[in-house]
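Let's take a friendly walk through this structure, one feature at a time. Have the viewer open and follow along.

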Amino acid sequence: QVQLVESGGGLVQPGGSLRLSCTASGNIFAIYTMGWYRQAPGKQRELVATIISGGSTNYANSVKGRVAISRDNSKKTMYLQMNSLKPEDTAVYYCNAELRTSPLGERRGYWGQGTQVTVAS
C-alpha cells in the first residue's frame with residue numbers, strides 16, 4: 001500500500017513564503033519522477049514542477065524564479081519552496097510520484113490528497 005502525504009499548506013499574505021513537503025511510504029521499490037501539481041477552482045490541474053531521481057528539475061513558466069523543487073531520496077520526501085507568492089498561486093497542491101512497488105512491476109503514478117495554499121491579504 002503506497003501513501004503520499006502532503007503538508008505545509010496554509011494561509012499566507014502576498015509576497016510571503018511557504019514550504020510544502022510530500023513524503024512517500026509503503027511498499028515502494030523505486031521512485032522515479034516526483035512532481036507538484038495544483039488545481040484552482042474551476043480550472044484544470046496543472047504542472048508546477050517536477051524532479052527526477054537524479055535531481056534534474058522542470059518548472060512551469062508561471063512559477064519560474066519563485067519556487068524551488070527538491071527531494072531527499074533517503075527520506076522519500078519531496079519539497080516545494082515557494083517565495084514571492086501571489087493570489088493566483090491559490091490552489092490545492094497535489095504531490096505525484098511515478099514509482100514501482102516491485103522490480104518487475106508497472107511504473108505508475110500515485111497522488112496525494114492535496115494541501116490547500118491560500119494567498120490573500
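Start at Glu98, which is partly exposed because its relative accessibility is 25%; here buried means under 20% relative accessible area, exposed over 50%, and partly exposed in between, with a 1.4 Å probe and protein chains only. The side chain of Glu98 meets that of Arg107 in a salt bridge, 3.7 Å from N to O. Arg107 is also partly exposed, with a relative accessible area of 39%. A salt bridge here is a side-chain nitrogen of Lys or Arg within 4 Å of a carboxyl oxygen of Asp or Glu.

Before going further, a word on the ground rules. This is a predicted model, in which local features need pLDDT of at least 70 and side-chain atom pairs count only at pLDDT 80 or more, while totals for chains, interfaces and linings use all residues. Residues are numbered from 1 along each chain as its sequence is written, and side-chain values use heavy atoms, with hydrogens and water left out.

Glu46 forms a salt bridge with Arg38, with the closest N and O atoms 2.8 Å apart. Glu46 counts as partly exposed because its relative accessibility is 35%, whereas Arg38, at 6%, counts as buried. Arg38 also meets the side chain of Asp89 in a salt bridge, at 2.9 Å from N to O. Asp89 lies in the loop between S8 and S9 and Arg38 in strand S4 (residues 30-39), so this pair ties together parts that are 51 residues apart in sequence. Helices (H or I, at least four residues) and strands (E, at least two) are DSSP runs, numbered from the N terminus. Both Asp89 and Arg38 are buried. Step back, and Arg38, Glu46, Arg66 and Asp89 are linked in a network of salt bridges.

The torsion about the S-S bond of Cys22 and Cys95 is about -70°, so the disulfide is left-handed. The pair links distant parts of the chain, with Cys22 in strand S3 (residues 18-25) and Cys95 in strand S9 (residues 91-100), 73 residues apart. Both cysteines, Cys22 and Cys95, are buried.

Cys22 also leads us into a sheet. In S8, its bridge partner is Met78, and S3 pairs with strand S8 (residues 77-82) in the antiparallel sense over six bridges. Two strands pair if DSSP finds at least two bridges between them. The open sheet is formed by four strands in the order S1-S3-S8-S7, with antiparallel pairing. Its edge strands, each pairing on one side only, are strand S1 (3-7) and strand S7 (67-72). From one strand to the next, the twist averages 15°, taken between N-to-C directions of axes that are lines fitted to C-alpha atoms (for helices over the stretch in contact), with angles running from 0 to 180 degrees.

Finish at Thr115, found in strand S11 (residues 115-119). Thr115 is buried because its relative accessible area is 10%. Not counting residues up to four places away in sequence, Thr115 touches Glu6, Ser7, Gly8, Gly9, Leu20, Ala91, Val92 and Tyr93, where contact means heavy atoms within 4.5 Å.

Notes:
A disulfide is a pair of cysteine sulfur atoms within 2.5 Å.
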